[in-house]
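Please examine the sequence and the three-dimensional structure shown below before reading on.

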Amino acid sequence: HQADPVEDRVEKELSGKIAFVTGSGRGLGRAIAGRLAELGADVAIHDLDWNSPSKYGEAPDLGAVAEQIAAYGVRTLAVTGNVGDQDAVKRMQEEICTKLGPVSVLVNCAGGDIGASGGKPNPNTALGISVEDIRVEVNNNLIGTMLVCQAFCPAMVAAGSGSVINIASVAAHFGTSPEALYATLKAGVVHFTRCLAFELRPHGVRVNAVSPGPTKTARFLATRKVDPAMMEVGKSLIRYAEPSEIADVVAFLAGERSRFMSGQVLRVDGGMTLYPG
């Protein structure tokens, strides 16, 4: 059987690319990093600290995650640091560039509705959330995304190519409470995506966002009461997403099949939010 050249190209369409996925020690970021590696990209993975992947039982530590991803036959590197800390971001950028090379696929997945105490803010309403929780969430979600882009995008501009994928949320697209601040910050990520795409358009660097609906990550399942009817994967789209379903869309935006797409937001929610904007 002669290999189909189109099929082979799709199978390893990210060969030769170096990807950095923030927040990839566990959860959705972990699924994204694995999918990019499966398609041939060398991957730098990241978490806040070395032991973060163990929090919900997904892996013993970040080193174990790197080994799992390396099993796809790609080079991997594990880095730690707070994306909201400019010095930490600069250190990670230098280490990745030195050990793997210049990043051509950047996925900003770090963030979440996590307050100063390390869990969900309480209270978590627009008028009730504490200023301490506000500062932590702004740093983790919006400032972190901006700092990482500022660190990694100049090399893409110099190369005349690259793909940035910012992970937002369907919560960015409608009014909600609780999690009002998280929704507001993800809306900021969406609009920052558009602004950055406008800036980088003349330089051949694409910037897009993905807004996942509720997704069955280990943290999601451990921190909220789930609807059993939404757990089943069948014909209906009225369910929670699988992490792999989000990862596939990120992989599409990372590769050449989306080469003329920039400044766009793809809502991956099974049709939960059926309106423009």
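Where is the place of Pro123? In this predicted model, Pro123 belongs to the loop between strand 4 and helix 5. Glu179 has a phi near 65 degrees, a positive value in a residue other than glycine. Such features deserve attention because most residues other than glycine have a negative phi, and most peptide bonds are trans.

Glu179 also takes part in a salt bridge. Its partner is Lys120, and the closest N and O atoms of the two are 2.5 Å apart. Lys120 lies in the loop between strand 4 and helix 5 (131-159), whereas Glu179 lies in the loop between strand 5 and helix 6 (180-200), so the pair ties together parts that are 59 residues apart in sequence. Lys120 counts as partly exposed, because its relative accessibility is 31%.

Helix 2 can be followed from end to end. It has twelve residues and reaches 17 Å from its first C-alpha to its last, close to the 16 Å expected at 1.5 Å a residue. Among its buried residues are Ile32, Ala33, Leu36 and Ala37. What does Leu36 touch, not counting residues up to four places away in sequence? Leu36 touches Leu14, Ala19, Val21, Ala41, Val43, Val105, Val107, Ala251 and Ala254. Beyond helix 2, Leu39 lies in the loop between helix 2 and strand 2. Leu39 counts as buried because its relative accessibility is 3%, below the cut-off of 20%. The C-alpha atoms of Leu39 and Glu13 are separated by 5.8 Å, although these residues are 26 residues apart along the chain. Just after helix 2, Gly40 takes a positive phi of about 105 degrees.

Attention now turns to the charged side chains. How many salt bridges does the count come to? The count comes to ten salt bridges. One of the links is between Glu242 and Lys216, whose side chains meet at 2.6 Å, N to O. Glu242 lies in the loop between helix 7 (218-223) and helix 8, and Lys216 in the loop between strand 6 (205-212) and helix 7, so the pair ties together parts that are 26 residues apart in sequence. Glu242 is partly exposed at 23% relative accessibility, whereas Lys216 is buried at 15%. Arg239 forms a salt bridge with Glu245, with the closest N and O atoms 2.8 Å apart. Arg239 is buried at 14% relative accessibility, and Glu245 is partly exposed at 27%.

Thr215 is found in the loop between strand 6 and helix 7. Thr215 is buried, with a relative accessible area of 7%. Its side chain reaches the backbone oxygen of Gly213 at 2.7 Å. Leaving out residues up to four places away in sequence, Thr215 touches Phe220, Ala241, Glu242, Pro243 and Ile246.

Asp269 lies in the segment after strand 7 (265-268). Which side chain of opposite charge is nearest to Asp269? It is Arg267, at 5.4 Å. Asp269 is buried yet has no salt bridge, because a salt bridge requires the nitrogen and the carboxyl oxygen to be within 4 Å. The side chain of Asp269 does make a polar contact with the side chain of Thr273, at 2.4 Å. Apart from its neighbours within four places in sequence, Asp269 is in contact with Val170 and Gly213.

Conventions. Residues are numbered from 1 along each chain as its sequence is written. This is a predicted model: local features need pLDDT of at least 70, side-chain atom pairs count only at pLDDT 80 or more; totals for chains, interfaces and linings use all residues. Side-chain values use heavy atoms; hydrogens and water are left out. Helices (H or I, at least four residues) and strands (E, at least two) are DSSP runs, numbered from the N terminus. Buried means under 20% relative accessible area, exposed over 50%, partly exposed in between (1.4 Å probe, protein chains only). Lys and Arg count as positive and Asp and Glu as negative; His and the chain ends are not counted. A polar contact is a pair of N or O atoms within 3.5 Å; within protein, one must be able to donate a hydrogen and the other to accept it, and residues adjacent in sequence count only if both atoms are side-chain atoms. Contact means heavy atoms within 4.5 Å. The expected span of a helix is 1.5 Å times one less than its number of residues.
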